[in-house]
Amino acid sequence: MTAKLIDGKAFAEGLRARVAGHVERLKTEHGITPGLAVVIVGHDPASQVYVTNKAKQTVEVGMASFKYELPEDTSEADVLALVHELNARPDVHGILVQNPLPPQIDPLKVIEAISPAKDVDCFTPDSVGRAVIGLPGPRSCTPLGCLMLLRDTLGSLSGLNAVIIGRSNLVGKPMAQLLLHENCTVTIAHSRTKDLPSVVRQADIVIAAVGRPNMVKADWLKPGATVIDVGINRVPAPDKGEGKTRLVGDVDFAAAKDVAGAITPVPGGVGPMTIACLLANTVTTASLINRLLPPRDLTA
Ligand SMILES: NC(=O)C1=CN([C@@H]2O[C@H](COP(=O)(O)OP(=O)(O)OC[C@H]3O[C@@H](n4cnc5c(N)ncnc54)[C@H](OP(=O)(O)O)[C@@H]3O)[C@@H](O)[C@H]2O)C=CC1
Ligand SMILES: Nc1nc(=O)c2c([nH]1)NC[C@@H]1CN(c3ccc(C(=O)N[C@@H](CCC(=O)O)C(=O)O)cc3)C=[N+]21
């Protein structure tokens with residue numbers, strides 16, 4: 001059997017087109033240009049690529065993009081000062097501080113500093129709480145992107161066993177909340193989980209969000225399972241030439257595609273969905289900040 005390939009790139013293009021339509025309406029009918037500020041501290045080469053992709057696609061959908069690249073040795077006080085400045089700026093409707101941050105900066109302090117009204121990453125206690133109890137508000141971009149792909153692939157998720165590998169605040173935990181709201185039976189696995197292969201074998205839906213290339217093996221999968229590979233790992237690719245690299249996920253894709261029912265590729269799976277959801281969240285915050293009703297059809 002060969003799994004259905006879940007085309008996140010194409011799905012994200014459609015979502016961005018809908019976002020662009022709403023941006024156009026905000027501009028022409030209300031004179032508002034949604035603005036997204038991305039802050040990156042240090043020069044992690046992988047992060048640079050995401051930030052560049054985000055900035056390009058932000059402009060493509062008609063929004064304003066503000067990019068702040070701070071040196072690796074930036075103090076916590078300076079990052080907090082920048083966040084406060086962005087909180088106060090009327091032309092900025094969304095703030096994203098790229099993870100990971102260098103060790104001298106406490107990520108929780110930065111999260112607390114972000115205005116919940118501009119929290120397009122769904123990082124602040126206010127947004128996280130709203131997501132947990134099911135109140136309207138932003139939802140975490142990567143989990144939301146995964147959920148949209150799952151709904152598109154499977155329809156109703158009710159009653160399905162979902163196993164999430166990884167428990168970060170960025171991906172694993174918010175993914176669990178979204179799937180619980182879809183009536184999945186949710187298991188969160190992590191580095192201390194005993195006998196991970198047998199836990200994964202129970203899953204109708206597997207979400208891999210670890211950051212270890214090809215960790216999830218084909219023989220861990222229940223035949224027909226839907227596999228969402230969040231991992232983004234840069235590995236050497238000597239076949240492409242000396243010193244060249246390629247992106248791979250956390251799942252052994254080449255073998256898993258013969259066992260899974262459906263699977264996302266890396267690249268072209270979850271990554272583009274993350275950015276499209278970030279842009280959708282920015283339309284939502286720009287609407288709410290201006291006391292307008294946010295569009296309902298973007299990520300419903
Ligand atoms: N496609 C996209 O849009 C995005 C991709 N990513 C990618 O997803 C991956 C995960 O990101 P993130 O959540 O931020 O990563 P973190 O490093 O914050 O979390 C990794 C999680 O994996 C768990 N883990 C580590 N080793 C194992 C193991 N051997 N077995 C089981 N679980 C393990 C850790 O467990 P423990 O808590 O016990 O340490 C932790 O919970 C990365 O590759 C990242 O680049 C991230 C965001 C968006
Ligand atoms: N505060 C915060 N929010 C994040 O959402 C966040 C973060 N920090 N830190 C890092 C991770 C990672 N991440 C990705 C976004 C897009 C792609 C993406 O566009 N990927 C493309 C290809 C990229 C390429 O070619 O290099 C793809 O998978 O097809 C990947 C990864 C967001 N993250």
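Predicted model: local features only at pLDDT ≥ 70, side-chain atom pairs only at ≥ 80, totals over all residues.
Which residues are the closest to ligand 2? The points below take this up after a look at the chain as a whole.

1. The protein chain holds ten helices and eleven strands. Its radius of gyration is 19 Å, close to the 19 Å that the globule rule gives for 300 residues, so the chain is as compact as a globular protein of that length. Taken along the principal axes, the C-alpha atoms fill a box of roughly 50 × 45 × 35 Å.

2. Burial and contacts. In the protein chain, 44% of the 300 residues count as buried. Among contacts with a separation of 6 or more, 68% are made by residues 24 or more positions apart.

3. Domains. The assignment for the protein chain gives domain 1 (30–117) and domain 2 (141–271). Taken over C-alpha atoms, the centres of domain 1 and domain 2 are separated by 27 Å.

4. Ligand 2. The closest residues are Val 49, Tyr 50, Asn 99, Pro 267 and Gly 271, out of 20 that surround ligand 2. Two or more residues of this shell come from each of helix H2 (45–60), strand S4 (94–97), helix H6 (141–154) and helix H10 (270–289). By class, the shell around ligand 2 has eleven nonpolar, eight polar and one charged residues. Both domains take part, since the shell around ligand 2 draws at least three residues from each of domain 1 (30–117) and domain 2 (141–271).

5. Ligand 1. Around ligand 1 there are 25 residues, of which Gly 166, Ser 168, Ser 191, Gly 211 and Thr 274 come nearest. H10 supplies the largest share of this shell, three residues. The residues around ligand 1 divide into ten nonpolar, twelve polar and three charged. Nonpolar core. The largest nonpolar core has 87 residues, and Ile 164, Val 206 and Ile 207 touch the most other members. H10 gives the most to this core, with ten residues. At least three residues of the core come from each of domain 1 (30–117) and domain 2 (141–271). Leaving aside neighbours within four places in sequence, Val 206 is in contact with Val 163, Val 200, Val 216, Leu 221, Ala 225, Val 227 and Ile 228.

6. Helix H7. In helix H7 (residues 172–181), the buried residues are Gly 172, Pro 174, Met 175, Ala 176, Leu 178 and Leu 179. These buried residues pack against helix H5 (125–133), H6, strand S5 (161–165), strand S6 (185–189) and strand S7 (205–208).

7. Asp 78. Asp 78 and Ile 105 lie 27 residues apart in sequence, and their C-alpha atoms are 9.8 Å apart in space.

Note on methods. Residues numbered from 1 in each chain as written. Chains lettered and ligands numbered in written order. Helix = DSSP H or I, 4+ residues; strand = E, 2+ residues; numbered from the N terminus. Rg over C-alpha atoms; globule rule 2.2 N^0.38 Å. Buried ≥ 20, exposed ≤ 12 C-beta atoms within 10 Å, placed from the backbone. Contact = placed C-beta atoms within 7 Å. Near = placed C-beta within 6 Å. Nonpolar A, V, L, I, M, F, W, Y, C, P; charged D, E, K, R; others polar. Domains from an automatic or database assignment. Core = buried A, V, L, I, M, F, W, Y, C linked by C-beta atoms within 7 Å.
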